[in-house]
Amino acid sequence: MITQCPIQPNKNFTYRFDVAGQKGTLWWHAHVGSLRASIHGALIIRPRSGASSYPFPKPDKEIPIVIGEWWEMDLDQLDKNLRNGYHLDMPRAATINGKPGDLYNCSGTVKDSNIVKVEHGKTYLLRIVNAALSSEYYLKIAGHKFTVVAADANYVKPYITDVIAIAPGETVDALLVTDAHPAGRYYMVAKASQSPKPVPQIPLFITRGIVQYSEGPRKEEEKALSDSSTSSIMAPEMPDEHDAATSFYFHGNLTSLQPQPVPANVHEHLFYALDGGFFCRKGESSCNNDTNMMGMVNNVSFQLPTTTPLLQAHYHGNMSSIGTLRELPDRAPRMFNYSETLEPTSKATSVRRLRYNATVEIVFQSPVLADTYANPMHLHGHDFLVLAQGFGQYNAETDVATYNLVDPPVRNTVHVPLFGWAAVRFVTNNPGVWFMHCHFGHHSSSGMAAAFVVENGPTLDSTLPPPPEDFPSCKTYNSRVSY
């Protein structure tokens, strides 16, 4: 209901899009409710001239690694629960490439692990995607290190690390050199992080696959090994689930390999406070304990339009017909107090209008007191320069001095840290209506989102094209009750 109506049952729609200027790993996923938990996949864009033009050693093989979740409930119902402020539903397991791994069992049967078969002395390009709804993950392989070479389909300066921190919506490309001794089996472990207490704690989700050297056990021995104790497989030491510093430094150490000029003349300065608030179930301003817990941006909880997609209304010049439409404030209404207490929030289809080719800077602020959480904020239709991140409350007078104006990484998702903030800058060079949202499922579904309306430019190439002939129709779709 941002760019289109959902594809109706027994119907289809063909997406046509341009990937010029992009190289690396992205991903596609459903954007109706919580269906992206199971409807997703990697989208790999290779250089036209082939792998020999990679700005890093040519890999011997490329391997997608998709971190996800195993849900044992109806995903339509999950999204309805989230939109109604019920956030207690949890997945049953974490997965790597769809497999929970040998830490989980069902009816007494240990689940399969994803096995990555490698040869000694080779270089593998791991294309890593976090498709989970609920958690950022730490990824490690025992006895090995990674060289991170790209993130969100943009090259970064090679960064050597033994742990990758990847939030929902993010992608990371990393080289793995298989030089471990002895050649054998090594666990690949993905462990979910979470906010510390007093935030309610969720189950600890860990999944693991196996990196299997071909010089290790022969085929006749593999089955016996898989049926026996896993003690012979080396396991990595993982960060604590409450360790926010590892994520902070991983994201902060990424810089662009091919730096873009950072626009200096900023036309729009926006400050977006990301928080949770309550909404009275019956609509009153005072409701005691009869409340829904909602995500919000600057005290507004985003509500999808119910009959007409925003992009369609914008193209036809009738956005005013959307009765729930509201301009998103540029600042939090109570800057000094927005994170101290749980605030009442209002529901609206919140939008921010931006003129074409404007330079926009956004500071995203997570809550800074004990009841806090990180927020992976994603913007459709644009990449942005991640200028800085920091702990505590953003200070406009002093924190500007920490901005990286030389080689900031180019991303489409910025991980706003626990107890902290992140600053991004981008140019509105893509006309249309673009969704901005947290990539945690419980945040986006409950309202931590908004839409940017980018006006047309002066040329045909900078003007929003008409809808395609097979554009989906809403018919009887109602976003409030039907997912």
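Analyst: Lysine 140 is buried, at a relative accessible area of 12% (buried means under 20%, exposed over 50%, partly exposed in between, with a 1.4 Å probe and protein chains only). Its side chain meets that of aspartate 162 in a salt bridge, 3.5 Å from N to O (a side-chain nitrogen of Lys or Arg within 4 Å of a carboxyl oxygen of Asp or Glu). Lysine 140 sits in strand β9 (residues 137-141), and aspartate 162 in the loop between β11 (154-161) and β12 (164-166), 22 residues apart. Strands (E, at least two residues) are DSSP runs, numbered from the N terminus. Aspartate 162 has 35% relative accessibility, so it counts as partly exposed.

This is a predicted model: local features need pLDDT of at least 70, side-chain atom pairs count only at pLDDT 80 or more, and totals for chains, interfaces and linings use all residues. Residues are numbered from 1 along each chain as its sequence is written, and side-chain values use heavy atoms, with hydrogens and water left out.

The whole structure holds 15 salt bridges. One of them joins aspartate 330 and arginine 352, at 2.7 Å from N to O. Aspartate 330 lies in the loop between β19 (325-327) and β20 (343-344), arginine 352 in strand β21 (residues 346-354), so the pair ties together parts 22 residues apart in sequence. Aspartate 330 is partly exposed, at 29%. Arginine 352 is buried, at 7%.

Arginine 127 and aspartate 173 also form a salt bridge, their closest N and O atoms 3.3 Å apart. Here strand β8 is linked to strand β13, across 46 residues.

Note on methods
Helices (H or I, at least four residues) and strands (E, at least two) are DSSP runs, numbered from the N terminus.
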